Amino acid sequence: LYRLIRSGQVRVNGGRCQPDDRLAVGDRVRIPPIRRDEPADTTGSRTAPAAPVHLEILFEDDGLLAVDKPAGLAVHGGSGVAHGVIERLRSARPDCRFLELVHRLDRETSGVLLIAKKRRFLVDLHAQWRERSTAKRYLAIVRGRWPLRSKTLAQPLQRYLTAEGERRVSVQADGQEAITRVQGLRHANWPGLGEFTLVRATIETGRTHQIRVHLAHAGFPIAGDDKYGDFTLNRSLTRQGHRRMFLHAAELEIHHPIDRRRLTLVSPRPAAFDALVPPGPEKETHEQP
């Protein structure tokens, strides 16, 4: 279904739609005939199970599960990906009757990923996302010397599809509101590669590729970003062993759906970040317009 929507074969009121578009009463939806191939595995079963993968558990109770998603692993299957995090979790936990993603992370982004184990928790958390009562903080390493202070990026963003059917986002005056607060933390300089800055990005809106596009538009693309980054720099980084996009979902704050206590979920900074921008003192930052 996701591939059909992405390729424009699912139509709402005669036009193309996005996977997260909301339907309203009276909308006319056209869905083409769906044929699902189910290849047999070597045991003769109709579908191969999701391959096991180690996921570090950051928090778990009766209704919530937070895992530390590694870079390079999709959160769900689709668009050429057979199994993502959610399929693997369902395969590993057959006794769990309900496991659903509360939110999503890009495939190359690591960090906190939240899963609901009860439908009422999922509904509650989705309401928190809409009301912007959550707090989402990311770490990123950008090309260039971002000042060691805080600045707000508030350019509106618009989604579009490339000729190949891939999602992209650009800054457009008539786009959706998007707010990212970026704090410079620490600098590093590599001979032959140039300067880099470790930054903390706090998002008030959750637009597709928001941090990546805002930083690239500001002239500070995220190192290793294969969609909006510096492709020449990315090749140089890969040759020197830095083989990921340097964006990490470090902290997520929510209200627990049962007792409303403020719950902070934290994913440690990956070792790959310290390899590119070595640890050191981080500066106090001040908001700049």
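User: Is arginine 159 buried, partly exposed or exposed?
Analyst: In this predicted model, arginine 159 counts as partly exposed, since its relative accessibility is 23%, and the cut-off for buried is under 20%.

User: Ok, and what does the side chain of arginine 159 meet in a salt bridge?
Analyst: The partner is aspartate 20, with a distance of 3.0 Å from N to O. Arginine 159 belongs to strand β10 (residues 157–161), whereas aspartate 20 sits in the loop between β2 (15–16) and β3, so this pair ties together parts that are 139 residues apart in sequence.

User: How many salt bridges does the count come to?
Analyst: The count comes to 19 salt bridges. Among them is the one between glutamate 60 and arginine 93, whose closest N and O atoms are 2.5 Å apart. Glutamate 60 is in strand β4 and arginine 93 is in the loop between α2 (85–92) and β6 (100–101), so parts 33 residues apart in sequence are tied together by the pair.

User: Which residues are linked in a network of salt bridges?
Analyst: Such a network links Asp106, Arg212, Asp225 and Asp226.

User: Switching topic, which residues form a nonpolar patch on the surface?
Analyst: That patch is formed by Leu1, Leu23, Val29, Ile31 and Ile34, which together have about 520 Å² of accessible area.

User: Where is isoleucine 34, and is it buried or exposed?
Analyst: Isoleucine 34 is placed in the loop between β3 (29–30) and β4 (56–60), and with a relative accessible area of 53% isoleucine 34 is exposed.

Conventions
Residues numbered from 1 in each chain as written. Predicted model: local features only at pLDDT ≥ 70, side-chain atom pairs only at ≥ 80, totals over all residues. Heavy atoms only, no water. Patch = residues over 30% accessible without salt bridge, like charges linked within 9 Å, V, L, I, M, F, W, Y side chains within 5 Å. Areas by Shrake-Rupley, 256 points an atom, 1.4 Å probe, with all protein chains shown as cover. Salt bridge = Lys/Arg side-chain N within 4 Å of Asp/Glu carboxyl O. Helix = DSSP H or I, 4+ residues; strand = E, 2+ residues; numbered from the N terminus. Buried < 20%, exposed > 50% of the residue type's maximum accessible area, 1.4 Å probe, protein only.
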